[in-house]
Amino acid sequence: MNDPKLKFCFFDLETTGCARSGSIFHEYHRIVQISAVCGDSTFDSTVDPQCHIPSESTAIHRVTNDIANNSATFGKVFPLFRSFVKQQATRGTQIVLVAHNAFGFDKPMLEKECARFGMRIPASSNSFRTRSV
């Protein structure tokens, strides 16, 4: 797709959960890292999940409990991520967030964490839409 009005922002989440660890809606399945690439710009931040990160999860993403404990919470990181995404837009450009499993994992995880912090993903915002690849 080569639409000059669309700009794709590829993002990925790392979490405290791992394969076969249960539902992403479990209370302690939380985000530990948010990364994104949009053109030449990047965003990468570890997140303090405010709970223990199992060693099985750390083996996948390499975010340790020590690293996470020295990071900001999702409530501080998500607004920075949202600002990063919005900064990628130029006049008349729509940013489309793209993730490997956007609707089955990434978007529900973001919504769950936003709810935990009394925030929400702007549903009507042109700068925050997702597509699965």
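Q: How many residues apart are E111 and K107 in helix α4 (residues 102–116)?
A: They are four residues apart, so about one helical turn separates E111 and K107. Helices here are DSSP runs of H or I with at least four residues, strands are runs of E with at least two, and both are numbered from the N terminus.

Q: Before I go on, what am I looking at?
A: This is a predicted model, in which local features need pLDDT of at least 70 and side-chain atom pairs count only at pLDDT 80 or more, while totals for chains, interfaces and linings use all residues. Residues are numbered from 1 along each chain as its sequence is written, and side-chain values use heavy atoms, with hydrogens and water left out.

Q: Back to E111. What does E111 form with K107?
A: A salt bridge, with the closest N and O atoms 3.8 Å apart. The term needs a side-chain nitrogen of Lys or Arg within 4 Å of a carboxyl oxygen of Asp or Glu.

Q: How many salt bridges does the structure hold?
A: Two. E113 also forms one with R116, where the closest N and O atoms are 3.0 Å apart. E113 and R116 are three residues apart in helix α4, again about one helical turn.

Q: And how accessible are E113 and R116?
A: E113 is buried at 1% relative accessibility, whereas R116 is partly exposed at 33%.

Q: Switching to cysteines. How many disulfides does the count come to?
A: Zero, taking a disulfide as a pair of cysteine sulfur atoms within 2.5 Å. For C38, the nearest cysteine sulfur belongs to C9 and is 4.1 Å away.

Q: Is C38 buried or exposed?
A: C38 is buried, at 1% relative accessibility. C114 is buried too, with a relative accessible area of 0%.

Q: What stands opposite C38?
A: S41 in β3. Strand β2 (residues 31–38) and β3 run antiparallel and are joined by six bridges; two strands pair if DSSP finds at least two bridges between them. The hairpin of β2 and β3 has two residues between the strands, and G39 there takes a positive phi near 65 degrees.

Q: New topic: aromatics. How many pairs does the structure hold?
A: Six aromatic pairs. In one of them, F43 and F81 have ring centres 5.6 Å apart and planes at 55 degrees, so that pair is tilted. Rings of Phe, Tyr and Trp (its six-membered ring) pair if their centres lie within 6.5 Å; planes under 30 degrees apart are stacked, over 60 edge-to-face, and the rest tilted.

Q: Where do F43 and F81 sit?
A: F43 is in strand β3 (residues 41–46) and F81 is in helix α3 (residues 74–87), so the pair, 38 residues apart, links distant parts of the chain. F43 is buried at 13% relative accessible area, and F81 is buried at 0%.

Q: Which other ring forms a tilted pair with F81?
A: F78, at 6.3 Å centre to centre with 45 degrees between the planes. F78 and F81 both lie in helix α3, three residues apart, about one turn of the helix. F78 is buried, with a relative accessible area of 0%.

Q: Which residues do the ring pairs link into a cluster?
A: F11, F43, F74, F78, F81, F84 and F117.

Conventions: Buried means under 20% relative accessible area, exposed over 50%, partly exposed in between (1.4 Å probe, protein chains only).
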